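Welcome! Take a moment to look over the sequence and the 3D view, and then we can walk through them together.

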Amino acid sequence: MASRAETIQQNHEPRPDPQSLTSNPDASQNSSTGVDYEPHPEQSIKVSPEREKIVKSITSLYSGSASEEDMQVYAKEAIYDDPWSYCDTRYKIAGQWYGIPKVMASSKTLSTEIVSSTDTELIFKMKQEYTPRVVQSTKPVNSLVSLTLDGEGKVKYHKDMWNDKDYSHEGLGKIMKTLNGDHLTKITRPPGDL
């Protein structure tokens, strides 16, 4: 029998095609794998104010807001999935976001480009600039953020891809990501009622 998280993953995990969503007509702007995660805001598709609010809340979290209001964009039972973390509740997801101000001197969203919006998905490219507290060396990171939305417009699955490869949910990588997601809340201590 599948666990609650496995059921959410099976039913809600976005499977974006990075090449078709991001490929630049100027091939020299694409990576060797045919993707271009560099946001081009002027090419962003228009979305409803509700969808704009979702993107604003998510980018605020990336930028260190760690606010309960921004966290309400997620369903209580939601999944966050990136190269470092796999979280299977809103509370565990909060552990990730509440950690940003602790490990980053600054984190700024430089630009976004919404590339797809359907009844159940919202996908955008994002350029985020991170400055770790320890090293103080600023590094911009481009990624493709895919959000699956439930019937109430809440984020049910949040996938942040940093390259053209989709994530494996098996083996050592999955174990490390899950451990990070399961235990970071002990350090970052988000509000318990999330």
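How many nonpolar, polar and charged residues does the lining of the second largest pocket have? Keep that in mind as we go; please also note that this is a predicted model.

## The second largest pocket

Here is the reply to our opening question: this lining has two nonpolar, three polar and six charged residues. Among the residues that line the second largest pocket are E50, K53, E69, D70, E152 and K154. The space inside comes to about 260 Å³.

## The largest pocket

The largest pocket holds about 640 Å³ of space. Its lining is made of 22 residues, and W84, Q96, I100, V103 and M104 lie nearest the centre. Helix α6 gives the most to this lining, with three residues. Sorted by class, the lining has 13 nonpolar, five polar and four charged residues.

## The sheet

Now look for the open sheet of six strands, ordered β2-β1-β6-β5-β4-β3, with mixed pairing. Strands β2 (86–87) and β3 (104–117) each have a single partner strand, so one side of each is left without a neighbour in the sheet.

Further in, β5 (residues 139–149) and β6 (residues 155–161) run antiparallel and are joined by six bridges. In one of the pairings, T148 has Y157 in β6 as its bridge partner.

## Helices across the sheet

Helix α1 (residues 4–12) lies across β1, β2, β5 and β6, at about 75° to β1.

Definitions and conventions
Residues are numbered from 1 along each chain as its sequence is written. This is a predicted model: local features need pLDDT of at least 70, side-chain atom pairs count only at pLDDT 80 or more; totals for chains, interfaces and linings use all residues. Side-chain values use heavy atoms; hydrogens and water are left out. Two strands pair if DSSP finds at least two bridges between them. Helices (H or I, at least four residues) and strands (E, at least two) are DSSP runs, numbered from the N terminus. Contact means heavy atoms within 4.5 Å. Axes are lines fitted to C-alpha atoms, for helices over the stretch in contact, and angles run from 0 to 180 degrees between N-to-C directions. On a 1 Å grid over the protein atoms alone, a cavity is a set of points where a 1.4 Å probe fits but cannot get out, and a pocket is an open set with protein on both sides within 12 Å along at least five of seven lines; lining residues have an atom within 4 Å of a point. Grid points are joined across faces, edges and corners, and a volume is the space filled by probe spheres set on the points. Ala, Val, Leu, Ile, Met, Phe, Trp, Tyr, Cys and Pro count as nonpolar, Asp, Glu, Lys and Arg as charged, and the others, Gly among them, as polar.
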